Amino acid sequence: MDINDYEQYAALANTIKIKDITSNIRNQSILQQLKHNDELLESVQITNINPNPSAFMIATTYILEEGEDIGWLGYFIGNNTKLKTLHLCGNWASYSHIRSLFNGLNRNKTIQHINFEFIHSSDALLLPMLDNFFKNNPNLTGIELEGSLVTVESGRQLSLTMGICSRSLKRVRIVLELTPPLIDTIAALSIHSQLEDLDFGGTSIGRNGFIALANTLRSWSTPKLQKLDLRDCNIDDEGLEHLVNALTNINTLQELYMPYNSSITIRGWKTLSTLLELPASSLEDLIIFGNNNIGDEGAFVFANALSNNTTLTALDLFYDSRITNEGWAYFSKLLCDTSSVNKTYLSNHTLYCLGDGVYEDDFDDISGIEHHLVLNEDGQGKGKGKIAMVKRKIAMKKIVHVHSHFDMQPFFEWEFKVLPIMIEWFAKAAACITTEYDKKIKKMKLSTLYDFIKEFPMLYIEPITRLEIAKYTAREEQLQWLGEEDKLEEIRQRKAHAMRRLGQRGD
């Protein structure tokens with residue numbers, strides 16, 4: 001049956017038998033669920049390529065067969081309100097009945113995510129058949145396009161599709177090989193300022209594409225972008241500079257993926273690292289592995305940029321980065337600067353991942369990098385709303401781990417306040433650190449008390465006592481001039497007592 005009129009499908013919908021539409025049992029089951037708006041069917045994959053059992057033996061894959069009236073599939077999808085995800089995978093350019101399927105899809109207004117896998121380079125030319133779906137579906141939040149586009153016309157159709165899509169889009173993923181220039185497609189995204197996830201992974205955008213992307217990002221007045229995937233996108237230093245300048249004003253970005261972009265040199269990595277120094281940065285994951293020109297200089301650049309950063313938890317740069325022990329030493333110092341207790345306290349207590357494989361047997365762990373990363377990771381997610389408290393506990397554990405003695409000298413400016421503060425600090429350390437450090441904490445506490453008793457009088461009590469004696473001397477002279485002998489003797493006794501504390505003798 002070849003029926004193109006929606007009303008005719010509707011008139012026959014109550015009487016048509018599913019088994020008369022398709023002989024494929026799996027297809028029959030899917031049609032039945034679509035027809036009855038089964039809430040358990042939230043995702044359907046439609047394909048017309050020869051099925052590979054290992055890839056397509058799933059209950060939600062509808063396999064198109066030549067000769068069957070797939071207008072019914074489109075009709076039931078068009079009326080369905082429970083379907084959330086639709087995946088179209090096939091050689092659509094050669095399929096003769098595709099329009100009857102797309103006519104039905106155009107009526108659906110509840111699908112949230114649609115994925116196109118282009119098998120043939122001209123498949124994108126069919127996108128205009130779904131214009132009404134893209135324009136009129138207010139619930140569409142995600143579009144994925146995968147495969148190969150060769151012709152300029154295919155690229156143009158793709159840009160037109162992005163330009164007419166509902167403004168409800170939150171995720172766009174364009175992963176294409178053998179692509180024509182995508183500058184117009186990227187420019188069309190300027191109307192979608194509500195995007196949260198933008199993925200060009202594996203698509204060769206090139207320098208001009210990145211300039212266009214930077215311009216698009218700048219055009220968003222209230223950006224909401226949280227994730228940007230640019231892996232293997234053929235970006236160079238100049239393109240990266242344009243991108244970083246645009247990202248500087250997007251303080252919602254949490255994940256940035258840029259592995260396998262081998263054209264970036266140390267100049268580009270220095271530019272990228274500036275994002276980590278922004279006070280308003282919300283970046284949590286920066287993935288840049290697979291770039292063999294990072295090296296020790298790049299390690300220094302990123303470690304230095306993270307010195308005051310409190311948001312980045314993952315900097316994945318291990319694989320093929322050519323970082324030696326010299327480079328990893330920069331991260332060791334970043335995570336736990338052992339030069340003083342205060343420097344340890346001010347170290348980075350947020351970063352907990354430097355990439356899979358950093359701790360393999362062929363890597364010499366520099367000053368306990370792994371241990372300090374684990375300490376940082378243990379603190380993640382345990383202090384929502386109490387981040388500062390969690391960081392203090394991590395710092396406390398590092399201090400106890402790497403130091404055996406507190407230098408009290410820097411704290412003497414707090415005068416007598418320092419002693420109860422330090423005693424309280426050791427009490428908290430004993431409460432939050434495992435018993436294996438109990439003996440060390442007790443020893444450090446005794447050492448601290450000894451330093452206070454030994455050094456503090458020399459630095460505080462002596463100058464205070466001398467001031468006290470000077471005041472008594474001035475009062476003594478005043479009373480002598482007034483002739484108040486009854487008060488003079490008391491002042492002289494107090495002065496003598498103060499002088500004895502200094503080991504001196506009175507006249």
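Contact is defined here as heavy atoms within 4.5 Å. The structure is a predicted model, in which local features need pLDDT of at least 70 and side-chain atom pairs count only at pLDDT 80 or more, whereas totals for chains, interfaces and linings use all residues. Residues are numbered from 1 along each chain as its sequence is written, and side-chain values use heavy atoms, with hydrogens and water left out.

Under the contact criterion, and not counting residues up to four places away in sequence, D320 touches G290, N291 and N292. D320 is placed in the loop between strand 11 and helix 14; helices (H or I, at least four residues) and strands (E, at least two) are DSSP runs, numbered from the N terminus. The relative accessibility of D320 is 36%, so this residue counts as partly exposed. The classes are set with a 1.4 Å probe on protein chains only: buried means under 20% relative accessible area, exposed over 50%, and partly exposed in between. D320 and Y260 are 60 residues apart in sequence, with a C-alpha to C-alpha separation of 9.4 Å in space.

S321 is likewise located in the loop between strand 11 and helix 14. S321 has a relative accessible area of 2% and is therefore buried. The residues touched by S321, not counting those up to four places away in sequence, are N291, N292, I294 and G295.

Helix 13 (residues 295-305) is largely enclosed by the rest of the structure, because eight of its 11 residues are buried. The buried positions are G295, D296, G298, A299, V301, F302, A303 and A305. The buried residues of helix 13 pack against helix 12 (266-273), strand 10 (285-287), strand 11 (314-316) and helix 14.

Aromatic pairing was examined over the whole structure, and 12 aromatic pairs were found. Rings of Phe, Tyr and Trp (its six-membered ring) pair if their centres lie within 6.5 Å; planes under 30 degrees apart count as stacked, over 60 as edge-to-face and the rest as tilted. Y75 and F76 form an edge-to-face pair, with 5.5 Å centre to centre and 65 degrees between the planes. Both Y75 and F76 are buried. Ring pairs link Y9, W72, Y75 and F76 into a cluster. W328 and F331 form a tilted pair, with 5.9 Å centre to centre and 45 degrees between the planes. These two residues lie in helix 14 (residues 325-335), three residues apart, about one turn of the helix. An α-helix has 3.6 residues a turn, so residues three or four places apart point the same way. W328 is buried at 1% relative accessibility, and F331 is buried at 0%.

The axes of helix 5 (residues 71-79) and helix 6 (residues 98-105) come within 7 Å and cross at roughly 10 degrees. Axes are lines fitted to C-alpha atoms, for helices over the stretch in contact, and angles run from 0 to 180 degrees between N-to-C directions. Helix 5 and helix 6 are therefore roughly parallel to each other (angles under 35 degrees count as roughly parallel, over 145 as roughly antiparallel, 65 to 115 as roughly perpendicular and the rest as oblique). The contact is made by G71, L73, G74, Y75, I77 and G78 of helix 5 and by S100, L101, G104 and L105 of helix 6.
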